[in-house]
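Please read the following briefing alongside the sequence and the coordinates.

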Amino acid sequence: MSDPAPSPTREGSRAIVTALEEAGVTLVPSVPDTWIGWLMEELRRSPRLRVIDVAREEEAVALACGAALCGARAAVVMQNAGLLNCGAVIASLVQLYRVPCFFLVSYRGDERDPVYYHAPKGQRTEPTLAAWSIRWARAAGPTRIGGQIREGLAWVEEAGAPFALLFSAEDLA
Amino acid sequence: MTPPRRAWLDVLVAGLDPRRDLLVAGLGANARYLPHLGVPVPHFALCDAMGAAIPLALGMALARPDRQVTALEGDGSLLMSLGTLATVAAARPANLTVLVFDNRHYESSGGQHLPAVEVDFVAVARAARLAIAERLAGADELAGALERARGAGPALFVLPTRYDPQEPIPPYSERPDEIRLAFRRALQAPGAGSV
């Protein structure tokens with residue numbers, strides 16, 4: 001089973017780009033998946049965002065921390081598989097040094113995902129975030145995701161902590 | 001004779017310029033030495049997060065193109081995250097230099113050997129298309145290498161480093177909050193440029 005074709009409207013993807021731009025994000029380190037690939041088409045069109053393609057997700061986290069320490073804003077974009085890779089760097093860099101770090105995570109394997117092999121990751125994502133003491137939210141659709149991003153970015157700055165916004169394909173449509 | 005770590009660090013610190021340099025140290029001996037070396041530039045030392053120093057420095061280099069960022073990394077840490085060299089090469093930060101301390105040991109965890117193969121980090125870095133990748137023979141070559149790499153990176157220099165199990169490496173002496181706040185204060189200091 002494969003992912004369905006992306007929606008031609010992409011209202012949610014454009015809302016994400018606008019929210020990131022308006023919040024002053026300039027760097028978007030990322031490892032792609034299919035859904036993120038759709039989002040990337042919009043992100044790469046932005047003259048104010050620089051997408052940084054990284055080889056592995058832990059690098060994206062460290063890169064975002066380096067930017068934050070220098071007063072810049074980044075948004076880490078990865079699949080939940082990548083998030084599950086990042087436990088050590090989140091604990092030993094983001095949380096240990098209390099660095100703001102905002103994650104935009106494609107939520108594969110939840111009830112909205114038609115692809116069967118993502119299901120085990122989906123079942124473990126929210127319990128893992130809870131175990132790692134990471135605040136998170138599910139995206140609430142294309143019309144609300146922009147506001148959620150702005151709130152999430154403001155929160156990480158205040159808290160000096162990570163926040164993950166989990167999105168599905170329908171949030172990009 | 002293979003230089004000791006302090007020989008490399010002393011040359012590095014002596015050449016740092018507060019107006020233009022930033023320094024990142026990966027976990028282990030380099031991070032433990034930094035508070036004792038009178039480092040005159042904003043610096044950030046990791047006490048954990050093995051493998052994170054180079055991408056952390058990359059984020060700084062991209063956020064502050066007006067600064068030359070130098071990352072100190074161990075051979076074991078780099079071996080854990082070799083793919084990061086491709087990430088660095090793709091991002092093309094002209095202002096990033098990586099110094100790899102090559103002593104074939106996990107020094108900070110008790111001196112265990114790395115996997116028993118001599119990895120040619122210069123060859124790996126060249127294969128990843130870094131702009132500069134060289135192995136230095138002695139500490140007297142470091143100052144010139146750093147100057148050559150300034151604004152011409154990304155650069156990687158492998159520093160052959162003597163492993164001495166009796167070396168009195170100081171313990172970690174700064175807390176993470178102190179390190180973060182000191183880094184931010186140093187970046188915002190008069191003459192250092194605002195963030």
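## Briefing on the predicted model

Thr97(B) stands opposite Ala155(B) in β8(B), a pairing that belongs to a strand treated in detail below. This is a predicted model, in which local features need pLDDT of at least 70 and side-chain atom pairs count only at pLDDT 80 or more, while totals for chains, interfaces and linings use all residues. Residues are numbered from 1 along each chain as its sequence is written, and chains are lettered from A and ligands numbered from 1 in the order in which they are written. Helices (H or I, at least four residues) and strands (E, at least two) are DSSP runs, numbered from the N terminus.

**Strand β4 of chain B**

- β4(B) and strand β8 (residues 155–160) of chain B pair in the parallel sense over 6 bridges, where pairing requires that DSSP finds at least two bridges between two strands.
- Strand β3 (residues 68–74) of chain B also runs parallel to β4(B) and is joined to it by 6 bridges, with Leu96(B) as the bridge partner of Val69(B).
- Of the 7 residues of β4(B) (residues 96–102), 7 are buried, so the strand is largely enclosed by the rest of the structure; a residue is buried if 20 or more other C-beta atoms, placed from the backbone, lie within 10 Å of its own, exposed if 12 or fewer, and partly exposed in between.
- Leu96(B), Val98(B), Val100(B) and Asp102(B) point one way from β4(B), whereas Thr97(B), Leu99(B) and Phe101(B) point the other way.

**The sheet of chain A**

- Chain A has an open sheet of 6 strands in the order β2-β1-β3-β4-β6-β5, with parallel pairing.
- β2 and β5 (135–138) of chain A stand at the edges with a single partner strand each, so one side of each is left without a neighbour in the sheet.
- Strand β1 (residues 25–30) of chain A pairs with strand β3 (residues 73–79) of chain A in the parallel sense over 3 bridges, and Ser30(A) stands opposite Val77(A) in β3(A).

**Contact between the chains**

- 26 residues of chain A are in contact with 27 residues of chain B, contact meaning that the C-beta atoms of two residues, placed from the backbone, lie within 7 Å.
- The elements that give two or more residues to the side of chain A that touches chain B are β2 (50–53), α3 (57–69) and α5 (87–95) of chain A, and α3(A) gives the most, with 9 residues.
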